Amino acid sequence: MGVKIDWAAFDSAWYKKQYQSVLLFLAVDTPQEIQNFYEQNGSYLKHSPNPFFDEVWYLTRYPMVQDLIAKGEYKTGFEHYKQVGFLSHSPHWLFDEDYYTNAPY
């Protein structure tokens with residue numbers, strides 16, 4: 001059995017609260033419908049998939065990721081982060097990867 005890693009998973013309950021106005025307007029309600037909406041539309045709208053990853057901040061902080069998305073190498077900043085970004089990039093403005101990996105404890 002695999003271990004679920006919260007930062008790498010889509011959180012439909014959180015997403016529903018965060019983007020409730022658009023989901024209500026489009027009558028998107030079930031967890032599967034919400035995830036499908038994110039994958040097909042929300043990711044292009046720069047929606048964040050969970051509370052641990054801030055898509056807009058990530059793309060602003062790391063503009064080269066926007067270039068990679070424009071080239072078609074990644075669909076979203078979140079996809080980039082899950083594949084390679086987690087090694088050197090912070091996922092959210094409240095998390096400092098450099099501090100976390102270099103903290104003397």
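Is Thr 76 buried or exposed? Select Thr 76 and take a look: this residue is buried, with a relative accessible area of 5%. Buried means under 20% relative accessible area, exposed means over 50%, and partly exposed is in between (1.4 Å probe, protein chains only).

**Before you go on**

This is a predicted model, in which local features need pLDDT of at least 70 and side-chain atom pairs count only at pLDDT 80 or more, while totals for chains, interfaces and linings use all residues. Residues are numbered from 1 along each chain as its sequence is written, and side-chain values use heavy atoms, with hydrogens and water left out.

**Stop 1: the whole protein**

Zoom out and switch to a cartoon view. Read from the N terminus, the order is α-α-α-α-α-α-α.

Of the 105 residues in the protein, 34% are buried. Among contacts (heavy atoms within 4.5 Å) between residues at least 6 apart in sequence, 50% join residues at least 24 apart.

**Stop 2: back to Thr 76**

Select Thr 76 again. Thr 76 sits in the loop between α5 (63–70) and α6 (77–83). Leaving aside neighbours within four places in sequence, show what Thr 76 contacts: Tyr 38, Ser 43, Glu 55 and Ile 69. Pick Ser 43 from that group: Thr 76 and Ser 43 are 33 residues apart in sequence, yet their C-alpha atoms are 6.4 Å apart in space.

**Stop 3: His 47**

Move to His 47, in the loop between α3 and α4 (55–61). His 47 is buried, with a relative accessible area of 9%. Show Tyr 15 too: a polar contact of 2.5 Å joins the side chains of His 47 and Tyr 15. A polar contact is a pair of N or O atoms within 3.5 Å; within protein, one must be able to donate a hydrogen and the other to accept it, and residues adjacent in sequence count only if both atoms are side-chain atoms. Not counting residues up to four places away in sequence, His 47 touches several others, among them Tyr 19, Val 22 and Phe 37.

**Stop 4: the rings**

Colour the aromatic residues. How many aromatic pairs does the structure hold? There are 11 aromatic pairs. The rings of Phe 10 and Tyr 15 have their centres 5.2 Å apart and their planes at 50°, so this pair is tilted. Trp 14 and Tyr 19 form an edge-to-face pair, 6.3 Å centre to centre with 85° between the planes. The rule is that rings of Phe, Tyr and Trp (its six-membered ring) pair if their centres lie within 6.5 Å; planes under 30 degrees apart count as stacked, over 60 as edge-to-face and the rest as tilted.

Check how covered these residues are: Tyr 15 is buried at 0% relative accessibility, Phe 10 is buried at 18%, and Tyr 19 is buried at 15%. Then select Phe 53, Trp 57, Tyr 58, Tyr 62, Phe 78 and Tyr 81, which ring pairs link into a cluster.

**Stop 5: a salt bridge**

Side chains of opposite charge can pair when their charged atoms come close. The structure holds one salt bridge, meaning a side-chain nitrogen of Lys or Arg within 4 Å of a carboxyl oxygen of Asp or Glu. Select Asp 29 and Lys 16 to see their side chains meet (2.7 Å, N to O). Asp 29 lies in the loop between α2 (20–25) and α3 (31–42) and Lys 16 in helix α1, so the pair ties together parts that are 13 residues apart in sequence. Asp 29 is partly exposed at 43%, and Lys 16 is partly exposed at 34%.

**Last stop: two backbone angles**

Most residues other than glycine have a negative phi. Select Ala 27, in the loop between α2 and α3: its phi is near 55°, a positive value. Ala 27 is exposed, with a relative accessible area of 62%. Finish at Lys 46, in the loop between α3 and α4, where phi is near 65°, again a positive value.

Technical notes:
Helices (H or I, at least four residues) and strands (E, at least two) are DSSP runs, numbered from the N terminus.
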